[in-house]
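The following exercises concern a single protein chain.

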Amino acid sequence: MGAKDRPSAALLFRSRHLTFNSHRIHYDQPYATQVEGYPGLVVHGPLIATLLLDLVYRELPDIRVKRFEFRE
């Protein structure tokens, strides 16, 4: 996956507000990499689910999703 395919820091920052997730690993690159040891910013489950459904609808516009579940 190239950098252009990754969620931007701005998208991660905004989406964490929608889910009331205030952990710095979602918006503070130096903290996520240097303190927590992640290779980059962490994308949390609700955003991944939203992006997956968006991909399905973009790639298969005639499909109708009847049910979608995920666990964090």
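Helices are DSSP runs of H or I with at least four residues, numbered from the N terminus. The model used here is predicted.

**Exercise 1.** Determine where Phe68 is placed and whether it is buried, partly exposed or exposed.

*Solution.* Step 1: Phe68 lies in the segment after helix 3 (45–59). Step 2: the relative accessible area of Phe68 is 38%. Step 3: buried means under 20% and exposed means over 50%, so Phe68, at 38%, is partly exposed.

**Exercise 2.** Find how many aromatic pairs the structure contains, and classify the geometry.

*Solution.* Step 1: a search of the whole structure gives 1 aromatic pair. Step 2: this pair is formed by Phe68 and Phe70, with 6.5 Å centre to centre and 35 degrees between the planes. Step 3: planes under 30 degrees apart count as stacked and over 60 as edge-to-face; the pair of Phe68 and Phe70 is therefore tilted. Step 4: Phe70 is partly exposed, with a relative accessible area of 43%.

**Exercise 3.** Identify the nonpolar surface patch that includes Phe68 and Phe70.

*Solution.* The patch consists of Ile48, Leu52, Leu55, Phe68 and Phe70. Together these residues have about 440 Å² of accessible area.

Key:
Residues numbered from 1 in each chain as written. Predicted model: local features only at pLDDT ≥ 70, side-chain atom pairs only at ≥ 80, totals over all residues. Heavy atoms only, no water. Patch = residues over 30% accessible without salt bridge, like charges linked within 9 Å, V, L, I, M, F, W, Y side chains within 5 Å. Areas by Shrake-Rupley, 256 points an atom, 1.4 Å probe, with all protein chains shown as cover. Salt bridge = Lys/Arg side-chain N within 4 Å of Asp/Glu carboxyl O. Helix = DSSP H or I, 4+ residues; strand = E, 2+ residues; numbered from the N terminus. Buried < 20%, exposed > 50% of the residue type's maximum accessible area, 1.4 Å probe, protein only. Phe/Tyr/Trp six-rings, centres within 6.5 Å; stacked < 30°, edge-to-face > 60°.
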